Amino acid sequence: MTRSVQYWLDAYAVSHQNPVNKRIHWICVPAIVVSLIGMLWTLPVPSAVADVSPMLNWGSAFLVASLLYYVVLSPRLALGMLPVVVLILAIVAWMASLSVSLLALSIGIFVVAWIGQFIGHKIEGQKPSFLEDVQFLMIGPLWILSAVFRQLGIRY
C-alpha cells in the first residue's frame with residue numbers, strides 16, 4: 001500500500017511542532033541536502049559519463065531519483081522541487097569551484113546541520129522521524145516545500 005503525501009507530511013509534522021525546532025529545520029534540512037549532494041558529487045563516475053559533463057554525477061543522479069520518488073507522492077510538489085533541485089545543483093557546482101575540498105566542505109556542513117537537527121529535536125522533546133522510518137529523510141524537503149505551497153494557496 002502506497003501512503004499518501006499527506007500521510008507522510010502529517011506524520012513528519014508530529015515531531016516538528018515547536019517553533020524553534022521548525023526554524024532549525026528550515027535551515028538544516030536544506031543544508032543537509034546540499035551537503036549530501038556535495039558528498040555524492042565527489043564520488044567517481046565512469047569516465048564515459050564524466051566526459052559528457054561534470055554535472056552528470058552521483059549527486060545529480062540522486063536528485064533525479066528523488067524527483068521520481070516525489071512524483072509518485074505528489075506530482076505538484078515534485079514540480080515545485082524542480083527549481084529547488086536546480087538551485088541545489090548551482091550551489092554544489094559553486095562549492096566545487098572553491099579552493100577548499102568539496103568533500104571536506106560538504107562533510108563539515110553535514111555534521112553541523114545534523115547537530116542542529118538533534119538540538120532542535122532535543123528542544124522539541126521528540127525523537128527525529130527518520131528513527132521510525134528512514135523514508136522521513138526524503139520527506140523533510142517536501143515538508144518545507146508544502147508549507148510554502150500552503151502559504152501561497154497552492155494545492156498539492
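**Contacts, rings and pockets**

Guide: Ser-35, with neighbours within four places in sequence left aside, makes contact with Ser-106, Ile-109 and Phe-110. The model is a predicted one.

Visitor: Is Ser-35 buried or exposed?
Guide: Ser-35 sits in helix α2. The relative accessible area of Ser-35 is 0%. Buried means under 20%, so Ser-35 is buried.

Visitor: Which elements make up the protein chain, and in what order?
Guide: The protein chain has 7 helices and 0 strands. From the N terminus on, the order is therefore α-α-α-α-α-α-α.

Visitor: Among contacts between residues at least 6 apart in sequence, what percentage join residues at least 24 apart?
Guide: Contact here means heavy atoms within 4.5 Å. Among contacts between residues at least 6 apart in sequence, the part that joins residues at least 24 apart is 74%.

Visitor: Which residues does Gln-117 contact, leaving aside neighbours within four places in sequence?
Guide: Gln-117 lies in helix α6. With 5% relative accessibility, Gln-117 counts as buried. Beyond the neighbours within four places in sequence, the contacts of Gln-117 are Asn-21, Ile-24, His-25, Cys-28, Val-29 and Ile-32.

Visitor: Is Ser-99 buried or exposed?
Guide: Ser-99 is in the loop between α5 and α6. The C-alpha atom of Ser-99 is separated by 14 Å from that of Gly-38, 61 residues apart along the chain. The relative accessibility of Ser-99 is 86%. Since the cut-off for exposed is over 50%, Ser-99 counts as exposed.

Visitor: How many aromatic pairs are there, and what is the geometry of Trp-8 and Phe-136?
Guide: The structure holds 10 aromatic pairs. For Trp-8 and Phe-136 the ring centres are 5.1 Å apart and the planes stand at 75°. Planes over 60 degrees apart count as edge-to-face, so the pair of Trp-8 and Phe-136 is edge-to-face.

Visitor: How many residues apart are Trp-8 and Phe-136?
Guide: Trp-8 belongs to helix α1 and Phe-136 to helix α7, so the pair links distant parts of the chain. Trp-8 is buried at 4% relative accessibility, and Phe-136 is buried at 3%.

Visitor: What kind of pair do Trp-114 and Phe-118 form?
Guide: Trp-114 and Phe-118 are 4 residues apart in helix α6, so about one helical turn separates them. Trp-114 is buried at 18%, whereas Phe-118 is partly exposed at 42%. The ring centres of Trp-114 and Phe-118 are 5.7 Å apart and the planes are at 40°, so the pair is tilted.

Visitor: Which residues form one aromatic cluster with Trp-8 and Phe-136?
Guide: Trp-8 and Phe-136 are themselves members of one aromatic cluster.

Visitor: Which residues are closest to the centre of the largest pocket?
Guide: The largest pocket has a volume of about 620 Å³. Its lining consists of 33 residues, and α2, α4, α5, α6 and α7 each give two or more of them. Closest to the centre of the largest pocket are Val-29, Val-33, Leu-137, Gly-140 and Pro-141.

Visitor: How does the lining of the largest pocket divide by class?
Guide: Gly is among the residues that count as polar. By class, the lining of the largest pocket has 26 nonpolar, 7 polar and no charged residues.

Visitor: What are the classes in the lining of the second largest pocket?
Guide: About 160 Å³ of space lies in the second largest pocket. Of its 13 lining residues, the closest to the centre are Ala-13, Lys-22, Trp-143, Ala-147 and Arg-150. Helices α1, α2 and α7 each supply at least two residues of this lining. The lining of the second largest pocket divides into 6 nonpolar, 4 polar and 3 charged.

Notes:
Residues numbered from 1 in each chain as written. Predicted model: local features only at pLDDT ≥ 70, side-chain atom pairs only at ≥ 80, totals over all residues. Heavy atoms only, no water. 1 Å grid on protein atoms, 1.4 Å probe; cavity = no way out; pocket = protein on both sides within 12 Å on 5 of 7 lines; lining within 4 Å. Points joined across faces, edges and corners; volume = space filled by probe spheres on them. Phe/Tyr/Trp six-rings, centres within 6.5 Å; stacked < 30°, edge-to-face > 60°. Buried < 20%, exposed > 50% of the residue type's maximum accessible area, 1.4 Å probe, protein only.
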